Amino acid sequence: MSTKLRAAIIGSTGYGGVELIRLLLSHPNVEITSVISSSSAGTPIADGYPHLNQIMLDKLDGIEIDEIKRKADVVFIAAPHGVAIELAPKLLDAGLKVIDISGDFRLQSGEVYEKWYKHKAADPAYVEKAVYGLSEVFADEVRGSDFISNPGCFPTATLLGLVPLISNGWADLSSVIIDSKTGVSGAGRGLNLSSHYSEVNENLSAYKVNKHQHTPEIEQVLSRVAREEVVVTFTTHLVPMTRGILSTMYVNLKEKHTEDEILEMFKQYYEGRRFVRIRSKGKWPATKEVWGSNYCDIGVSLDERTGRLTVISVIDNVVKGAAGQAVQNLNLMMGWDEGAGLAFTPVYP
Ligand SMILES: NC(=O)C1=CN([C@@H]2O[C@H](COP(=O)(O)OP(=O)(O)OC[C@H]3O[C@@H](n4cnc5c(N)ncnc54)[C@H](OP(=O)(O)O)[C@@H]3O)[C@@H](O)[C@H]2O)C=CC1
Ligand SMILES: CC(=O)N[C@@H](CCC(=O)OP(=O)(O)O)C(=O)O
């Protein structure tokens with residue numbers, strides 16, 4: 001009998017789910033035992049994803065809690081907002097470990113969730129149980145937890161660039177402006193007008209200005225780290241590429257620091273955390289440099305005329321922003337090497 005941890009994936013036919021399949025298929029300690037679909041049970045997953053031909057022969061299972069319990073030890077939920085609100089409590093009550101990559105359990109306040117997601121919030125008792133899995137910042141809480149709420153893609157890129165500054169008390173908290181750009185895969189596989197080829201190609205557009213659901217998530221974490229309320233300006237843009245997020249953050253520093261001091265502080269904050277790479281002085285990262293990988297690369301530049309710092313961070317939204325960080329969190333939960341199943345080089349060019 002296999003001694004591997006048995007994993008089920010709800011939403012396995014979406015972009016987040018199929019990336020989990022790619023990563024978990026090469027994980028040394030995990031076996032995928034159930035790929036689940038709410039709409040196509042009984043059909044082979046490779047029917048919808050021919051790149052899985054001869055790699056994954058499994059047919060999709062339906063959503064039945066007893067059956068999932070029989071087949072799996074851990075369940076990844078990669079479904080639209082609202083689905084995990086119903087399913088996660090049932091799976092947890094059945095004794096399963098759960099990693100939810102949607103936004104359903106990220107926000108502590110149900111009122112705030114309902115305002116930004118326009119959806120009824122989860123049972124607060126389960127929200128309280130969920131550990132926010134920003135792996136590099138909250139690893140101690142992730143270790144040993146049974147229920148992870150995986151961070152959003154924009155919050156992952158943004159928070160990894162801002163938390164060191166705020167945790168060290170260097171940032172003027174009233175000054176944070178975040179400008180983020182994303183590839184189209186962030187919107188999922190479902191068709192909609194804004195992800196049409198002819199709408200996206202040769203185009204660059206802002207969307208959800210001052211209304212993006214990741215705003216309260218970013219503010220919640222920054223406020224927690226700062227131990228006082230932080231409010232940010234956050235604007236997202238859609239760019240004609242498939243994968244990748246680039247966040248440019250502008251922050252006023254409370255006191256004078258040199259660029260060398262700032263870089264050294266970032267390096268110290270992330271010491272021993274292999275998936276965050278700090279660029280050297282005068283260098284800034286690009287999305288292609290992390291494509292298909294679990295890295296978050298960060299560069300900084302200080303404008304000595306204004307004392308304002310520019311921080312630039314990049315991730316692959318489907319890996320570090322979703323499936324990769326979910327696997328990293330599983331590794332931490334299980335007490336395994338944090339990089340198990342994730343030790344691959346970005347695809348370049
Ligand atoms: N794409 C990205 O970069 C990121 C996505 N996320 C989040 O991850 C989640 C999944 O996103 P993504 O994979 O992009 O989305 P997709 O639209 O590509 O896939 C979502 C999948 O969920 C399944 N689904 C739909 N309705 C239900 C339901 N009622 N019950 C169970 N499953 C359902 C669908 O499969 P089926 O019909 O077969 O059940 C579908 O394939 C979302 O919450 C998203 O916000 C988070 C970070 C980054
Ligand atoms: C391009 C695009 O539409 N991206 C999505 C990314 C959000 C996402 O993936 O959902 P979570 O809230 O679960 O992180 C957006 O901006 O809403």
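How many residues does helix H10 have, and how far does H10 reach from its first C-alpha to its last? Helix H10 covers residues 214-226, which gives 13 residues and a reach of 18 Å. That is close to the 18 Å expected at 1.5 Å a residue. The model is predicted.

Stay with H10 for a moment. Its buried residues are His214, Thr215, Pro216, Glu217, Ile218, Gln220, Val221 and Leu222. These buried residues pack against helix H5 (110-117), H8 and strand S9 (233-238). Just after H10 comes Arg227, with a positive phi of about 60°.

H8 leads on to another helix. Helix H8 spans residues 153-167, and helix H12 spans residues 319-334. The two pack at an angle of about 95°, with their axes 8 Å apart. That angle makes H8 roughly perpendicular to H12. On the H8 side, the contact uses Cys153, Thr156 and Ala157. On the H12 side, it uses Lys320, Gly321, Ala322 and Gln325. By class, the contact of H8 with H12 holds 3 nonpolar, 3 polar and 1 charged residues.

Now turn to the ligands. There are 29 residues around ligand 1, and Gly14, Gly16, Ser37, Ser102 and Gly188 come nearest. Helix H1 (15-25) and H12 are the elements that give two or more residues to this shell. H1 provides the largest share, 3 residues. The shell around ligand 1 divides into 10 nonpolar, 18 polar and 1 charged.

Ligand 2 has its own shell. It is made of Ser102, Gly103, Gly152, Cys153, Thr182, Val184, Gly186, Ala187, Gln213, Thr236 and Leu238. Of these, 4 are nonpolar and 7 are polar, with no charged residues. Two names here have come up before.

The last stop is a loop. Gly307 sits between strand S12 (296-303) and strand S13 (308-315). Is Gly307 buried or partly exposed? Gly307 counts as partly exposed, because it has 15 C-beta neighbours inside 10 Å. Leaving aside residues up to four places away in sequence, Gly307 touches Asn252, Leu253 and Lys256. Ser280 is 27 residues from Gly307 along the chain, and their C-alpha atoms are separated by 19 Å.

Conventions:
Residues are numbered from 1 along each chain as its sequence is written. Chains are lettered from A and ligands numbered from 1 in the order in which they are written. This is a predicted model: local features need pLDDT of at least 70, side-chain atom pairs count only at pLDDT 80 or more; totals for chains, interfaces and linings use all residues. A residue is near a molecule or strand if its C-beta atom, placed from the backbone, lies within 6 Å of it. Ala, Val, Leu, Ile, Met, Phe, Trp, Tyr, Cys and Pro count as nonpolar, Asp, Glu, Lys and Arg as charged, and the others, Gly among them, as polar. Axes are lines fitted to C-alpha atoms, for helices over the stretch in contact, and angles run from 0 to 180 degrees between N-to-C directions. Helices (H or I, at least four residues) and strands (E, at least two) are DSSP runs, numbered from the N terminus. Angles under 35 degrees count as roughly parallel, over 145 as roughly antiparallel, 65 to 115 as roughly perpendicular and the rest as oblique. Two residues are in contact if their C-beta atoms, placed from the backbone, lie within 7 Å. The expected span of a helix is 1.5 Å times one less than its number of residues. A residue is buried if 20 or more other C-beta atoms lie within 10 Å of its own, exposed if 12 or fewer, and partly exposed in between; C-beta atoms are placed from the backbone.
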